[in-house]
Amino acid sequence: MTVSLILASQSPARRAVLAAAGVIPVIHVSEVDEPAALRNAANARGVSVEQMSAEERVSILARAKAFAVYESWKLVANAAASASGDLVVGYPLEAESEAENAESESSETESSETASSALASDSQSDVTHNVDTAQTRDFSGVKVPTKTFDIHDFAHMNESCNDSNSVLIVGCDSMFLLDGECYGKPHTPEVAAARIKQMSGKTGELFTGHCLIDAKSGKTVCKVSRASVTFAHMSDE
């Protein structure tokens, strides 16, 4: 059974880690308002965001991102399940021989004098034929073979070959804890440079939250990992 993985993150680093493990995810950015999500969670607990630990914060955000994508996925899945009508599939390559015959008949009507002139012109041309000058085949006027399926029957045929509901969604978030302060994304080069200077030679803890949702059953697993990170001493240059 094939299982698709949806990564609720646009982080190149997270995608690279999955790719290195042989997993190529579908990227679906959650668009979660992170400060608002943290404020709402803090208000529900009767505390301030600053009073929540780094572990709590990354867990909240990872879960929020995963569920935002999950809700979006359910809307699409439900729309597909309730669709009705016919699915018409075209097979243009099967019309290729017919198109070639039409072109052949058309070319035979040209005079040999015109053809010779065209060949002479081509032989003297300095134009190099490549992808920039190539043209696609014109199928206008060509009857393309089609097959019509009832959309529900077509969906059932695909499900019998591959469980299309086998989808996992993973949301992630990371924060760095240093000297009692939580750091999220720097967002700008200037902030990143200032943080690197501040963290030079120090040791902090990196907290990463992951929330995994089985889209078919709705089962959810959320975990937080932590790692100690020590920065080398860096000069201003």
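Lys-185 is partly exposed in this predicted model, its relative accessible area being 44%. The side chain of Lys-185 meets that of Glu-34 in a salt bridge, with a distance of 3.3 Å from N to O. Because Glu-34 belongs to helix α2 and Lys-185 to the loop between β6 and α7, this pair ties together parts that are 151 residues apart in sequence. Glu-34 is itself partly exposed, with a relative accessible area of 23%.

Glu-34 also takes part in a salt bridge with Lys-65, in which the N to O distance is 3.2 Å. Here Lys-65 lies in helix α3 and Glu-34 in helix α2, so the pair ties together parts that are 31 residues apart in sequence. Lys-65 counts as buried, at 7% relative accessibility, because the limit for a buried residue is a relative accessible area under 20%. The structure holds eight salt bridges. Another of these salt bridges is formed by Arg-45 and Glu-56, whose closest N and O atoms are 3.0 Å apart. This pair links distant parts of the chain, since Arg-45 is in helix α2 and Glu-56 is in helix α3, eleven residues apart. Both partners count as partly exposed, Arg-45 at 45% relative accessibility and Glu-56 at 32%. Through salt bridges that share partners, Glu-34, Lys-65, Asp-173 and Lys-185 are joined into one network.

Strand β5 gives the most to the lining of the largest pocket, with seven residues.

The arrangement of aromatic rings was examined next. A pair of aromatic rings is described by the distance of the centres and the angle of the planes. The structure holds two aromatic pairs. In one of them, Phe-67 and Tyr-70 are set edge-to-face, with 6.0 Å from centre to centre and 75 degrees between the planes. Both residues lie in helix α3 (residues 54-81), where they are three residues apart, about one turn of the helix. Phe-67 counts as partly exposed at 23% relative accessibility, whereas Tyr-70 is buried, with a relative accessible area of 9%.

The other aromatic pair is formed by Phe-176 and Phe-231, which are also edge-to-face, at 5.6 Å from centre to centre and with 85 degrees between the planes. This pair links distant parts of the chain, with Phe-176 in strand β5 (residues 167-178) and Phe-231 in the segment after β8 (220-230), 55 residues apart. Phe-176 counts as buried, at 8% relative accessibility, while Phe-231 counts as partly exposed, at 21%.

Contacts between charged side chains and aromatic rings were also found. The charged end of Lys-74 sits over the ring of Tyr-70, at 4.7 Å from the ring centre, and Tyr-70 is also a partner of Phe-67 in an aromatic pair. A further contact involves Lys-147, which lies over the face of Tyr-91 at 5.5 Å from the ring centre.

Finally, the backbone angle phi was considered at two loop positions. Glu-31, a residue other than glycine, has a positive phi, near 60 degrees, and is found in the loop between β2 (26-27) and α2. Glu-31 is exposed, with a relative accessible area of 67%. His-187 likewise has a positive value of phi, near 70 degrees, in a residue other than glycine. His-187 is placed in the loop between β6 and α7, the loop to which Lys-185 also belongs. At 70% relative accessibility, His-187 counts as exposed, because the limit for an exposed residue is a relative accessible area over 50%.

How values were computed
Residues numbered from 1 in each chain as written. Predicted model: local features only at pLDDT ≥ 70, side-chain atom pairs only at ≥ 80, totals over all residues. Heavy atoms only, no water. Phe/Tyr/Trp six-rings, centres within 6.5 Å; stacked < 30°, edge-to-face > 60°. Helix = DSSP H or I, 4+ residues; strand = E, 2+ residues; numbered from the N terminus. Buried < 20%, exposed > 50% of the residue type's maximum accessible area, 1.4 Å probe, protein only. Lys NZ or Arg CZ within 6 Å of the ring centre and 35° of its normal. Salt bridge = Lys/Arg side-chain N within 4 Å of Asp/Glu carboxyl O.
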